[in-house]
Amino acid sequence: MKKRLHNPNLAKIHRNYTVEEVSSLYGVFKGTVRAWIKSGLPALNDKRLMLILGSDLVAFHQARRTKNKQKCKSGEIYCVRCHAPKKPTGGMADYRIITEKIGNLEAICPDCDKIMNQRVSLSKLEQVSGEITITLPQALRHIIESNQPSVNSDLKRE
Ligand SMILES: [Zn+2]
């Protein structure tokens, strides 16, 4: 199945768009817009309202138009502005919780100094991160630690 490509210039770079506005602008379902966000379109999450920058929309659709889209290897995050996977500056990224299972990996692009975003499910975090040092929110660190089986209990003697 061929992916539908959209005209990058539909969006005005100095505007912000809600998911609803993007969906009517491009004539797609809101779910499609959310899928774009999932696949790397940066969105500002202001409480319940998601805002998408026009300039990000343009960059995102331009990136989609370029053929042979490069895939991220582990340790890389896709930069929508550079149109390429990048190793984050300093080898560091922050993980922000979105839901219990899904979060956003945020890092700085070494080439354009802008924030790169990538949706990552918690279960795949390790696989995606590679050599990246990921800063987890305090709450999550606690969950992960408490889920880890205690080494001592395995060594219990009878
Ligand atoms: Zn970049």
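Colleague: Is C82 buried, partly exposed or exposed?

Modeller: Good place to start, and keep in mind that this is a predicted model. A residue counts as buried under 20% relative accessible area and as exposed over 50%, with partly exposed in between. C82 has a relative accessible area of 26%, so C82 is partly exposed.

Colleague: And what about C109, buried or exposed?

Modeller: C109 has a relative accessible area of 0%, which means that C109 is buried.

Colleague: Which residues coordinate the zinc ion?

Modeller: For a metal site, look for N, O and S atoms within 2.8 Å of the metal. Here the SG atoms of C79, C82, C109 and C112 coordinate the zinc ion, at 2.2 to 2.4 Å.

Colleague: Why is the arrangement around the zinc ion called tetrahedral?

Modeller: Check the angles: four donors count as tetrahedral if all angles lie between 85 and 135 degrees. The 4 donor atoms here subtend angles of 103 to 113°, so the arrangement is tetrahedral.

Colleague: How are the donor residues spaced in sequence?

Modeller: The spacing reads C-x2-C-x26-C-x2-C. C82 sits in the loop between strand 4 (77-79) and strand 5 (84-86), while C109 sits in the loop between strand 7 (102-108) and strand 8 (115-121), so this pair ties together parts that are 27 residues apart in sequence.

Colleague: Let me turn to the backbone. What is the phi of H83 near?

Modeller: Here is the general idea first. Most residues other than glycine have a negative phi. In this model, phi of H83 is near 60°, a positive value in a residue other than glycine. You will find H83 in the loop between strand 4 and strand 5. With a relative accessible area of 24%, H83 is partly exposed.

Colleague: Where does D113 lie, and what is its phi near?

Modeller: D113 lies in the loop between strand 7 and strand 8. Phi of D113 is near 65°, again a positive value in a residue other than glycine. D113 has a relative accessible area of 58%, so D113 is exposed.

Colleague: Now the whole chain, please. How many helices and strands does the chain have?

Modeller: The chain has 6 helices and 9 strands. Of its 158 residues, 34% are buried. The accessible surface comes to about 10900 Å², and carbon and sulfur atoms hold 51% of that surface.

Colleague: What share of the contacts with a separation of 6 or more joins residues 24 or more positions apart?

Modeller: Such residues account for 45% of those contacts in the chain.

Notes
Residues numbered from 1 in each chain as written. Predicted model: local features only at pLDDT ≥ 70, side-chain atom pairs only at ≥ 80, totals over all residues. Heavy atoms only, no water. Donors = N, O, S within 2.8 Å, 3.2 Å for Na, K, Ca; no water. Tetrahedral: all angles 85-135°; square planar, octahedral: opposite > 155°, others 65-115°. Helix = DSSP H or I, 4+ residues; strand = E, 2+ residues; numbered from the N terminus. Buried < 20%, exposed > 50% of the residue type's maximum accessible area, 1.4 Å probe, protein only. Contact = heavy atoms within 4.5 Å. Areas by Shrake-Rupley, 256 points an atom, 1.4 Å probe, with all protein chains shown as cover.
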